[in-house]
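Here is a friendly walk through a model that you can follow with your viewer open. Take a look around first, and then read on.

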Amino acid sequence: MITLALAFATGCFTLGLLLNLYRLVRGPRAADRILALDTMVINVIALIVLYGIWIDSQTFFEVSMLIAMVGFVSTVAYCRFILRGNIIE
Amino acid sequence: MHSTFLFLIAALPFLGALIPGVTIRAGRTVCAAFALAPTLLALVLLGLLAPSVLAGEVITARIEWLPALGLDASLMLDGLGLLFAGMILGVGALIIIYARFYLSGDDPVGRFYTYLLLFQGAMLGIVLSDNILLMLIFWELTSLSSFLLIGYWTHLPEGRQGARMALTVTGLGGLALLAGGLLLGDIAGSYELSVILTRGEEIRSSALYLPALLLILLGAFTKSAQFPFHFWLPHAMAAPTPVSAYLHSATMVKAGVFLLARLWPVLSGTPEWFYIVATTGLVTMVVGAVIALFKNDLKALLAYSTVSHLGLLTFLLGLGTPFAAVVAVFHIINHLTFKAALFMVAGIVDHETGTRDISRLGGLARLMPVTALIALVAALSMAGLPPFNGFISKEMTLDAAAHAAWQGNGWIIPALTTVAAVFSVAYSLRLFVHVFLGPVREDYPRRPHDPVPGMWAGPALLALLVVLIGLMPSALVGDLVAIAGGAVVKGALPYYSLKLWHGVNPALVLSVIAVIGGVILLWQHGPLLRAWAAARRPEAKAIFDATVAACVAGADRVTRALHGGAISTYLAWFAAFALVLGVLAWAGGAHVPGSRPPLPIPPTVAAGFVLLIVATLGVISVHRTRFLALIMIGVIGLTVSAGFVYLSAPDLALTQISVETVTTLLLLLALNFLPRHTPAESSPAQRLRDAGIAVCAGIGVAALAYAFLTRDFSSISEYHLANSKTGGGGTNVVNVILVDFRGYDTYGEIIVLGIAGLTIYALLMSLLSGAAGRRLRNWRDTTPRSRDRHPMMMVVATRVMMPIAIMVGVYLFLRGHNQPGGGFVAGLVVAIAFLMQYMASGFLWAQERQRIEYHALIGTGVVIAGAAGVGSWLAGRPFLTSSYGYFTIPPIEEFELATAMIFDLGVFLTVLGAVMLMLYSLSRMARVAGETINIEPMDVDPSRRAADGEKEES
């Protein structure tokens, strides 16, 4: 059962990644692209967690936690760049 | 015991060089005394060794340094070394005393003594080295330290130019000598001089003999100012006179002669040696003597006279006969005594009268009797008149010359030697007659009188030696000449006798001719000088400057062609070249497809490939819009990190994602001040060509990677996996590799990282104070911007994140040795946590809460890492060997402590400091552009508004 669930979830997130990619390429605005990249980070975190469950390893949860912690910083910086130009003022 | 002494002698000047910078605070006299102490101590030690050396013993000392390269710190003291070491230390001591009185209180005297002792140490190193590579290192050191000494008066342009010229010429020769030394060592099979000196036959019959000889001679001739490289020596006279007296009469310029004498047993005796060395010496001797007569500057006269005498020594060694070699050794002593004395006299005259121009001097004998007496003795010795020591060596030189034939021609060598002797007599007498005799003048720049005894004591001692050696040569220096001469010829000494009167022989006849000719030349000096001034001569400095300018222009052209500033050009060259190499390699061997079956590709991984490919194409298509390209690159970084996770490299994933974030932040900071769009600068054809190269190179790399992936091969990984726990005490192999197996590598890398951080800081500092800063101050950003600079939501979120991020950083650091993590990642994570505060609340607010300077953080990190490495020396193990142990402190469970963790702490601090410093530097630009700063943590503070509201209500 869990195998099936994992496969399904993995498939969904993979699909999500590809859809994000479409949005990233199409745009049209920079904000759309930033959002797409940020969502991609979330999807990747999910995939790593799923993979961790699959092969039964703790390490992957920590990695996903770290990506979660630092992944949004780039997004914030991109946004600040659009809003204010300078990210540290 | 003896070898310890020898090491001490070599080390004392270098140790002493550290002291003057401190002691100068106690005044010039104390400083001079502390510079004198190591010199005298070394001289005493040398004196203790002298009896053994004079008895024929060769004292050696050796420490293995880099045995794999044949480079040992091995020293040797034989007769020749004793002679030179004695000269270097003895004259060094006199010069230190003399300089105390010569230099004024305005000069940086401490620095002078430091340079002088450095030079002394380097010079001693040359004459004491047994290993030829070691000797070459000291050789270069003399070039460098003499550069500092010649350019000591940095406010004088002549000093700086002369120093540069000397360094260029002698440095060039040093490089040639390095090549020659390597060839010589290669032929002899050893870099130890003591071995090389026994392989004379092999070396002379080797096919590499001529190239090695030419290179070595280039080194010796440039150092000893032989024609046509003689021009640097007169320009080096811009140095303070003590320097000229020390370097340019007694020591450095003799290094070339020393080298010729040292290698005499193996290199001499061939026609090549005779024709190159003897001819060069002969030409130099004549040219130097002729020019010296027409120089009005006292020091220039002495400089050209030195050139002439160095030519004489080279000529004697070049003759290749044992007799001439012994004469050369004897003349080295004599030249030292009278020339150093004369240089010091020139310094006294300059010091007391305020000029060194002979045409403005004269009649000083009445005003400065002591100085005049010293000058008289030394000048007569230089002229080669009896009963002074110069006479004896000149007689012996003429004797050697009278028996030499050039291309079967028996008269050309004696004739030229006599011509040089004629001019030598003339300029020596002129030095005394035109400066000290004649009527007392009224127009000296300063009122001259004899200087304090401290200043004339040194030259007086040397003048005394001139007389004593002249009167009793055998008793005073007979043993020294015999043992040093024996060390040069490496065999039975020829018959010679050191005495004043040899009876009437051809040499005496030539000598008489020389004296008569010299007096006539001096008598006719006025008309001759006018003729000389009217004649057209090549000006060495102009030629040198033109050559240097041409070289610089040529280098500029090459640089501009290869290094045009466009990275696309570099990459095109690099990729195309690698491609050509790869194609050649592939075409040269038989290719067999790999046998390893490929792994299945799950759909998610396939999606990852799609992500990578599309994002790459995306970056290429939008690369002129820089911000968009940066977002696209983010996808690539993310996918690569995910790939690392999937392929069981969580460490790399952690590092990748952290580096990715920090890089994005730094790029965004820079991007703010760059154009939004990259202009198209290349033609479509160029772009097409570049695209072709890029695609081919990409395919090549992919094919190479595929070829490797489809094969089984063994790597060092197995060793690391097997030894990580037992050797390094950690189960995280990546971390153990970083801090232990390849700890030295990591140490170098963190230093480079620290340097990069500091360089960015320094570059931006200097940029901002220049034209770029002015442009920045006038820069106005017209893009419409959001008004909310520090949104409350972000401030609160980052504050909450801070402790968590720090905790994660500490956690990653602590467990790094056994689980994914380590100092590098931890440093990046903590840096990101700090960066978030900077972004949320602004620069100043965060900076005010930052108590430790980032520069200090970098330095501390490197020091800690270094200390961790040095710590293993204390345990008697090589640098950076880690050790570990298990400890239990109740109630905590058993835990492991490894010295590698201290090292990792250093890595952590350096990474943190470097990242933060780069960010700090880049964000400085905004404030130069006129951005305001804030002290409050956020723009809209609800708590304050509430307080304000209450106030309004009440």
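## Confidence in the model

Chain A has an average pLDDT of 88, and 100% of its residues score at least 70. Bear in mind that this is a predicted model. Within chain A, the highest mean pLDDT among the elements belongs to helix α1 (residues 2-26), at 92, and the lowest to helix α3 (residues 59-84), at 84.

Chain B averages a pLDDT of 86, with 97% of the residues at 70 or above. Among the elements of chain B, helix α10 (residues 209-223) has the highest mean, 93, whereas helix α41 (residues 942-953) has the lowest, 61. For the model as a whole, the scores are ipTM 0.95 and pTM 0.71.

## Chain A and its annotated spans

The unreviewed UniProt entry marks residues 6-22, 34-54 and 60-83 of chain A as "transmembrane region". How much of residues 6-22 of chain A is helix, and how much strand? In the model this span is 100% helix and 0% strand, and its end C-alpha atoms lie 24 Å apart. Residues 34-54 of chain A are likewise 100% helix and 0% strand, with 30 Å between the end C-alpha atoms.

## The overall build of chain B

Chain B has 954 residues, of which 46% are buried. Its secondary structure consists of 41 helices and four strands, and its C-alpha trace spans about 115 × 80 × 75 Å along the principal axes. If you count contacts in chain B at a separation of 6 or more, 79% of them join residues 24 or more positions apart.

Chain B is divided into domain 1 (268-527) and domain 2, the latter made of two segments, 742-779 and 788-941. The centres of domain 1 and domain 2 of chain B, taken over C-alpha atoms, are 67 Å apart.

## Two helices to look at in chain B

Start with helix α16 (residues 298-319) of chain B. Its 22 residues reach 32 Å from the first C-alpha to the last, close to the 32 Å expected at 1.5 Å a residue. Just after α16(B) comes Gly320(B), which takes a positive phi of about 85 degrees.

Now turn to helix α31 (residues 684-709) of chain B. Its 26 residues should span 38 Å at 1.5 Å a residue, and the 37 Å between its end C-alpha atoms agrees with that.

## An annotated region of chain B

According to the unreviewed UniProt entry, residues 611-676 of chain B carry the annotation "domain: MrpA C-terminal/MbhD". In the model, these residues are 83% helix and 0% strand, and the end C-alpha atoms of the span are 25 Å apart.

## Where the chains touch

Conventions. Residues numbered from 1 in each chain as written. Chains lettered and ligands numbered in written order. Predicted model: local features only at pLDDT ≥ 70, side-chain atom pairs only at ≥ 80, totals over all residues. Domains from an automatic or database assignment. UniProt positions renumbered as here; feature names shortened; annotations may be inferred. pLDDT = per-residue confidence, 0-100. Expected span 1.5 Å × (residues − 1). Buried ≥ 20, exposed ≤ 12 C-beta atoms within 10 Å, placed from the backbone. Contact = placed C-beta atoms within 7 Å.
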